[in-house]
Structure formats: C-alpha cells, structure tokens
Amino acid sequence: MSQSAHLPLRTGTLPRPHTRLAVLVVAAATFTVVTTEMLPVGLLTSVGSGLHVSDGTAGLAVTLPGVVAGLAAPLLPVAARRVDRRTVLAALMTLLAVANVVSALAPAFGVLLAARVLVGVCIGGVWAVAAGLGVRLAGEEGAGRATAVIFSGIAVASVLGVPAGTLLGELAGWRWGFAALAVLALAVAGLLVAVLPRLPAHGGMGPGAFRGLLRIGRLRAGLLAVTLLVTGHFAAYTYIRPVLERVPGIGAGLIGVLLLAYGTAGVVGNFAGGAVAARDPRRALLLICALLAAVVLLMVPAGGSPAASVAVLVVWGLAYGGVSVSAQNWVMAAAPDAREAASALFAGVFNGAIALGAFTGGRVADGHGAGGVLWLGGGLAALALVAVACAGPRGGRPGRYVKGAATGAR
C-alpha cells in the first residue's frame, strides 16, 4: 500500500466561507457534466434533423456517454488513485470543454458520438470523485448538507441547464448549446483550481474493493432498484420531446418552458427526497418508485389533454428529483466504511442504467412510438418498487455512513 493510503482525510480544515464556496464549485462541476449529458434530450429533434438521423438514432447521443460513464466511474478512481482529487476534477472539466467544442462543430453524427465518448469519461469521473468530497471539505458535522448541495447540481441541471440549452438551441441552433457548455466547463475548471484546497488521494482502492462491496446483500438490492428505476425513467424521458410534441396545443416553442417546469419540480423533489431519505432511505425509494410508475403510465392517457400532460410532467419531475440523493443514502447506509468505492460503484450503475434506458427507449420509440416508451418506463419503475419492497426494512441509517466515511476505502 502506498504512503498516501495512510494520509488522513482533510476534513473541516477550511474556514466556513471557503468551505461553502468550495462545495458550491464542486456542485457547479456536477451541474455542468449533467447538463452536458442531458442536453441532447432537449435538442433531440433538432440534432436528428440537423445530422440527418432518426429520433431513435439521435438518442444514442445520450446512450453512448452513459455506457462510457458506467465504465469510467469505477475505473477512473482506481487508475488515478494517487492523484490529487482537485487535479482530477479540473482535468476532467477541461476535457469536457474540448468534447463540447467538438460536438458544436461536428459535421456528421459519427463525430458527435466520438465527442460524446469523452463526455462519458468526464461524467463517470466527476460523479465518482465529487460524491465523496462532502466530508473532506466540510468535516463530519457538515458532510450531510455538503453532499446534498453537491448532488443538487444534478437537479439544478434539469431546471437551468437543459432548458437553457434547449432555449438557446431553438433561438440560435443546437450547436450553440454545446458551445455555451464548453465555455462553462472551462470556467468551472478554473474555479476548481482556484477555490479547492489540495485533496490528496487516500489511495489503496483496487478492483477488489468492488468485489467486496457486492457481497453486501442490501447494497445489491439497492443497486438493482437503481438499475430498474433509472433505466425505466430514461427509456421514457429521453424521448419526452417527441411525446410532448404529439400533445394537441403544445408546440415546439413550449417544450423548453415545460422542461423548465419539470426541472423546477425536480429541485423540490431533490431536497424533499433527501429529507425523507436522511431518516429512512427505503421509505423514500418506495414512495419515489410508486410515484414514477404511476405518472409515467398516466402520461399515456394524458396525451390528449395539454393541462393533464403538464400536470403529470410536473409530478414526474418531483418524483425523479429525489432519486439520486435517496439512492445515494441507501448505498452509503449499506456500506458506511467504503465511501469512495461505494460512490464509484453507484455512479457506474446509475450511468450504465441511463445508457440502457436511452438505448432501449430508442429501439422502442422507433418500433412502437411514443406510447411504447411510456409503457416500458412505467413498467420498469413498478419492478423497481418490487425490488425495494423485497429488500425489507432492515439496514443502517445514512448517518452511520457519514461517521464512518473518514476511514475511506482500504
């Protein structure tokens, strides 16, 4: 084991204002990568027509980075186990800027997909590293709130990032959405270097850490539920634009506004779900799974009414907004002494499910239309509800994770 494996984690060493700023900058990094990941959802029709591919094929721009992120999340922390985490995050954000520039200039769909491979590396790496930084930046007492803020970047990406990129794409063309994200990624990279303290890697994490984690039955149950829930969500949500365009009275110009309403509800759901999950992750996931199964299936009959479609979409955002923070609490309660390894495994499964959902939804969308993806998404959410219910009420509270996190993944 390297000498770095014995270094203590830097926790609670920053003055309070600096801690808040550092946590916000890390949240800005999660916001930027998730906005980049999800931007093709809002621009799906424009990208498809601009590069002469179908909506289902254009969905590969979401599928491919999810596949790569699912692989990168567990592998990158192992490969960079001796590298300062500030350096890792800044390098990933710089790479993200390059990928967005290539996406903006892509002359063909194949070039866009090549750029999205780089996006996948950035997504997996940022998720895996950022998820464990709350305790290192804010200390044990502030770790819960810091981690919630870091993960809020995911929900805020739905509120501000994707709708803003969609609106910019509608006004100036889809390429400008990617160009704007390139500028943002470079700015965040500079802030990470300027604001974060040195965060030496505590090392010692190898592939064996993941094998050990997968022996924990409750962790396996949580990861299964995440796989089903996130796959179902993205099977349907990746194609939400074609779904909404088929609703009478909802034109292309309103899609950005509706996605903004969805994202706003998602932020509320993020903090509401986090509050419930802090006490009982199982209860939070049961409620989320039940709501998602209901609203995604209700989107089918609601398609004939603009008002009903908007109402269902808002509840959809409210329910899905709590998924990441609730699932993270479940994972951390199941593996309280393996913080970075568990976060990396969770990020890998989560992003792999995004890819699987977008890919499966694309095949269903091309073969069975918008209604087919909604039936698929709702059905998988219902199976996730069964998986959580069968896991039983046993298991530790998330607070145990925060106290045990300082030991790291040995």
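Predicted model: local features only at pLDDT ≥ 70, side-chain atom pairs only at ≥ 80, totals over all residues.
Student: What is the volume of the second largest cavity?
Tutor: The structure holds two cavities of 30 Å³ or more. For the second largest cavity, the volume is about 50 Å³.

Student: Which side chain of opposite charge is nearest to Arg 116?
Tutor: Arg 116 sits in helix α6. Arg 116 is buried and has no salt bridge. A salt bridge needs a nitrogen and a carboxyl oxygen within 4 Å. The nearest side chain of opposite charge is 6.8 Å away, and that residue is Glu 37.

Student: Which backbone oxygen does the side chain of Arg 116 reach at 2.8 Å, apart from the backbone oxygen of Thr 36?
Tutor: A polar atom of the Arg 116 side chain lies 2.8 Å from the backbone oxygen of Thr 36. The cut-off for a polar contact is 3.5 Å. The side chain of Arg 116 also reaches, at 2.8 Å, the backbone oxygen of Ala 61.

Student: Is Arg 175 buried, partly exposed or exposed?
Tutor: Arg 175 belongs to helix α8 (residues 174-195). Its relative accessible area is 29%. Buried means under 20% and exposed means over 50%. Because 29% lies in between, Arg 175 is partly exposed.

Student: What distance separates the C-alpha atoms of Arg 175 and Ala 106?
Tutor: Along the chain, Arg 175 and Ala 106 are 69 residues apart. In the model, their C-alpha atoms are separated by 8.5 Å.

Student: Which residue forms a salt bridge with Asp 280?
Tutor: The structure holds one salt bridge. In the pair with Asp 280, the closest N and O atoms are 3.9 Å apart, which is within the 4 Å cut-off. The partner of Asp 280 is Arg 283.

Student: Why does Arg 283 count as exposed, while Asp 280 counts as partly exposed?
Tutor: Exposed requires over 50% relative accessible area. Asp 280 has 27%, so Asp 280 is partly exposed. Arg 283 counts as exposed because its relative accessibility is 57%.

Terms used: Residues numbered from 1 in each chain as written. Heavy atoms only, no water. 1 Å grid on protein atoms, 1.4 Å probe; cavity = no way out; pocket = protein on both sides within 12 Å on 5 of 7 lines; lining within 4 Å. Points joined across faces, edges and corners; volume = space filled by probe spheres on them. Helix = DSSP H or I, 4+ residues; strand = E, 2+ residues; numbered from the N terminus. Buried < 20%, exposed > 50% of the residue type's maximum accessible area, 1.4 Å probe, protein only. Lys, Arg positive; Asp, Glu negative; His and termini not counted. Polar contact = N/O pair within 3.5 Å; in protein donor to acceptor, adjacent residues only side chain to side chain.
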